[in-house]
Amino acid sequence: MLKVYNTLTRSQEEFKTIEPHKVRMYVCGPTVYDHAHIGHGRTYIVYDCILRYLTYKGYEVKYVRNITDIDDKIIKRANDEGVVFSEISETYTASYNEDMANLGLLPPAVSPQATTTIKGIIQFIETLIQKGHAYASDGDVYFSIPACKEYGKLSRRRTEDLKVGARVFPGEKKKDPLDFALWKKAKPEEPSWDSPWGKGRPGWHIECSAMAKEHLGESIDIHAGGQDLIFPHHENEIAQSEAANEAQFATYWFHNGFVNINKEKMSKSLGNMVNLKKLLSKFHAEAIKFYMLSFHYRSPIDFSDGAMEEAARGLDRMYRVLLSVPPSPEKVEPEGSFRERFEEAMDDDFNSAKAMGVLFEMVKEINRLQRKKETLAQAGAMKDLFVELGGVLGLFQANPEEYFKNRPAEGDLDATKVEQLIAERAEARREKNFDRADQIRDELTAMNVVVEDSPEGTSWRIKG
RNA sequence: GGCGACGUACCCAAGUGGUAAGGGAGCGGUCUGCAAAACCGCCAUUCGCCAGUUCGACCCUGGCCGUCGCCUCCA
């Protein structure tokens with residue numbers, strides 16, 4: 001039985017969908033004003049894993065992950081660079097999509113953009129005004145917090161507490177300091193769309209409510225995102241959606257932990273941002289996934305190069321199994337309770353760290369079984385299960401040979417040259433000229449190539 | 001100030017009211033021309049500190065110390 005932690009109730013609950021065997025899942029995507037960093041990477045890796053596990057469990061999942069392509073930060077960046085806002089949003093949307101693909105994440109069923117949902121957003125706002133939850137004010141439209149009794153139920157904040165720090169700034173047209181903008185009147189030179197309130201653009205929170213409704217309906221099973229979105233973003237989404245639809249917005253709210261650098265939050269001002277593309281150039285995509293999934297998704301991660309390298313070594317150990325064990329000739333469920341234990345871990349609020357422990361135990365068992373001819377078939381059967389379960393975490397999607405040879409390495413490696421040296425070394429070894437053989441190995445080591453001899457011959461890989 | 005999270009071996013990291021998964025590193029061994037990989041063995045009497053509840057707590061309660069996050073844009 002799958003149990004999940006729900007931020008809304010702050011407790012673990014049995015997972016029950018609105019419609020049997022179907023899951024409607026919405027994940028807040030990025031605001032595309034810069035390249036994605038590893039924090040984005042973690043978030044989308046985590047929900048990719050959850051998507052895969054739900055699918056493994058037999059659910060038909062409709063996964064929606066939006067792109068916020070109109071926002072203050074985008075406009076600011078466009079102004080700084082003297083280009084139109086769409087140039088910024090298009091550039092970084094493409095960059096983001098490229099990163100997601102390179103990470104090997106399953107594409108969402110729909111990846112809606114704010115700028116193509118304007119009609120739905122306007123309708124949504126009109127509904128809120130009609131129902132008395134929003135008001136127009138000189139070209140802006142605000143959501144009215146005093147009219148919203150349950151406001152604060154997700155973040156567990158009381159409106160009285162929030163008011164202490166909030167105030168209305170000059171130029172704002174709010175009735176209450178906590179009211180937030182649904183529609184923002186366009187300033188001169190700003191990108192804008194026509195609306196019943198004049199030219200303007202949508203506020204950040206309303207777009208997610210509108211996109212979720214358009215693609216998944218009024219009530220959804222899972223709404224997820226980084227834990228920083230709990231307040232105000234998700235709190236506001238709940239307020240809008242439940243006021244407009246008069247139905248529960250999302251049953252389960254998942255929030256993943258942050259990626260910190262040296263125990264500090266990544267931020268531009270601290271200059272400690274770790275760019276996802278840069279990381280992908282240094283490590284195999286699956287090593288990054290492996291690293292992220294070796295933590296519980298709700299825990300913070302203190303990222304370090306050392307830990308990342310360690311993860312890469314761990315994944316190497318797993319891939320070595322894929323390389324060395326022949327596939328089972330027929331599909332048989334191997335002995336042992338590995339599948340059960342893997343599911344038990346994942347059923348426990350997607351405990352991928354625990355599930356990876358099971359995977360490592362399988363590595364040891366497979367290696368044991370493959371040492372003897374009489375148990376080689378069993379090793380193959382277990383390897384098949386190993387690959388299947390690893391696949392649920394998004395791992396083992398690469399060809400093992402290529403994994404070891406095409407991995408990111410310092411500089412370019414001339415594979416032909418390597419093969420040539422290996423052949424030469426094999427010849428030297430045949431002639432028992434071990435001095436020459438070791439000399440060649442040293443040469444290869446200098447090229448970051450590890451040579452391994454076995455009864456079947458010599459293989460090589462790039463040192464991880 | 002309000003809300004919240006965390007503190008487990010050298011490092012990373014799961015975890016449970018009944019006595020600590022897994023990985024990395026290290027050490028010893030098997031194998032190997034040498035190595036690598038793999039396998040076998042060793043590696044926390046102890047889970048920030050103190051008190052309480054309990055037959056029994058690392059896991060429950062309270063206090064303290066430390067680290068961090070949200071409350072303004074943020075995955």
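First, terms: I call a residue near a strand if one of its heavy atoms lies within 4 Å of it. Helices (H or I, at least four residues) and strands (E, at least two) are DSSP runs, numbered from the N terminus.

Ground rules next. This is a predicted model, where local features need pLDDT of at least 70 and side-chain atom pairs count only at pLDDT 80 or more, while totals for chains, interfaces and linings use all residues. Residues are numbered from 1 along each chain as its sequence is written, chains are lettered from A and ligands numbered from 1 in the order in which they are written, and side-chain values use heavy atoms, with hydrogens and water left out.

**Entry: the RNA surface**

I looked up what surrounds RNA strand B and found 52 residues. The closest are Lys73, Trp204, Lys265, Asp438 and Arg441. Ala, Val, Leu, Ile, Met, Phe, Trp, Tyr, Cys and Pro count as nonpolar, Asp, Glu, Lys and Arg as charged, and the others, Gly among them, as polar. The surface holds 23 charged, 15 nonpolar and 14 polar residues.

Which parts of the strand face the protein? Of the RNA atoms within 4 Å of the protein, 65% belong to sugar or phosphate, and the rest belong to bases.

I checked single polar contacts (pairs of N or O atoms within 3.5 Å). Arg441 has a side-chain N or O atom 2.5 Å from a base nitrogen of RNA strand B. Glu310 puts a polar side-chain atom 2.6 Å from a base nitrogen.

Which element gives the most? It is α12, with eight residues.

**Entry: helix packing**

I followed α12 to its neighbours. Axes are lines fitted to C-alpha atoms, for helices over the stretch in contact, and angles run from 0 to 180 degrees between N-to-C directions. Angles under 35 degrees count as roughly parallel, over 145 as roughly antiparallel, 65 to 115 as roughly perpendicular and the rest as oblique.

The axes of α10 and α12 come within 10 Å and cross at roughly 45°. The two helices are therefore oblique to each other. On α10, the contact (heavy atoms within 4.5 Å) is made by Gly314, Arg317, Met318 and Val321. The α12 side includes Met356, Leu359, Phe360 and Val363. By class, this contact has seven nonpolar, two polar and two charged residues.

Helix α11 (residues 338-347) packs on α12 at about 165°, with the axes 7 Å apart. That angle makes α11 roughly antiparallel to α12. From α11, the contact is made by Phe338, Arg341, Phe342, Ala345 and Met346. Residues of α12 in it include Leu359, Val358 and Glu361. I count the classes as eight nonpolar, one polar and four charged.

I also checked α15 and α16, which pack at about 160° with axes 8 Å apart. So α15 is roughly antiparallel to α16. Val418, Leu421 and Ile422 are among the α15 residues in contact, and Phe434, Ile440 and Arg441 are among those of α16. This contact has eight nonpolar, no polar and six charged residues.

Most residues other than glycine have a negative phi, and most peptide bonds are trans. I noted two exceptions.

Is the peptide bond from Phe231 to Pro232 cis or trans? It is cis, with omega near 0°. Pro232 is found in helix α7 (residues 230-245).

Glu189 has phi near 80°, a positive value in a residue other than glycine. Glu189 lies in the loop between β7 (180-185) and β8 (200-202).

How values were computed
A polar contact is a pair of N or O atoms within 3.5 Å; within protein, one must be able to donate a hydrogen and the other to accept it, and residues adjacent in sequence count only if both atoms are side-chain atoms.
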